[in-house]
Amino acid sequence: INPEEHLIVFDIDNTIVESVDQLASTQWFDAMIKFKMEQEEITYNEALQKTLPLSFLLMQQSMVQPIQLSTTVELIKKLQDDRYKVIALTARSPEPLKVCTIQH
C-alpha cells in the first residue's frame, strides 16, 4: 500500500470528540426532532427548523471531550508519520458553528 494514494477521513462528532452532557449530540438532535413531531404534531421539516436554532445555541455552549484521547492522538500521529493524508470532517453548519467547532 502506498500511503500517499490514500486519504483517511475521521468524523469529528461522536468519533473524535463527544459532548460531555450529550446536549446537542446527534442522539439528542434526533430525539428532539422526534419529540417535537409527536408533541406538536408537525412534519419532520417543521421540527427540524424548530430544533436547529436550539441545537446551534447548545453546541456553542457545550463542553466536549475526546472519546479516546491518547489512542486517537497516537493513531492520527502514526498515520501522518506514515505519510497518510488525514482529515477530520463534521456535518455542523459552517457559519453558526464555525468558531465553536474550531475550539472543540
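This is a short tour of helices H1 and H2 and how they pack.

The model is predicted: local features need pLDDT of at least 70 and side-chain atom pairs pLDDT 80 or more, while totals for chains, interfaces and linings use all residues. Residues are numbered from 1 along each chain as its sequence is written, and side-chain values use heavy atoms, without hydrogens and water.

Select residues 26-40, helix H1. Helices here are DSSP runs (H or I, at least four residues), numbered from the N terminus. The end C-alpha atoms of H1 are 21 Å apart, which agrees with the 21 Å that its 15 residues should span at 1.5 Å a residue (1.5 Å times one less than the number of residues).

Within H1, colour Trp28, Phe29, Met32, Ile33 and Lys36, which are buried (under 20% relative accessible area, 1.4 Å probe, protein chains only). They lie on the same side of H1, because their arc around the axis is only 135° (taken from the directions from the axis to the C-beta atoms).

The angle between the helices is about 135° and their axes are 9 Å apart (lines fitted to C-alpha atoms over the stretch in contact, angles from 0 to 180 degrees between N-to-C directions).

Finish at leucine 48 in H2. At 18% relative accessibility, leucine 48 counts as buried. Beyond its neighbours within four places in sequence, leucine 48 is in contact with Phe29 and Ile33 (heavy atoms within 4.5 Å).

Technical notes. Helices (H or I, at least four residues) and strands (E, at least two) are DSSP runs, numbered from the N terminus. Buried means under 20% relative accessible area, exposed over 50%, partly exposed in between (1.4 Å probe, protein chains only).
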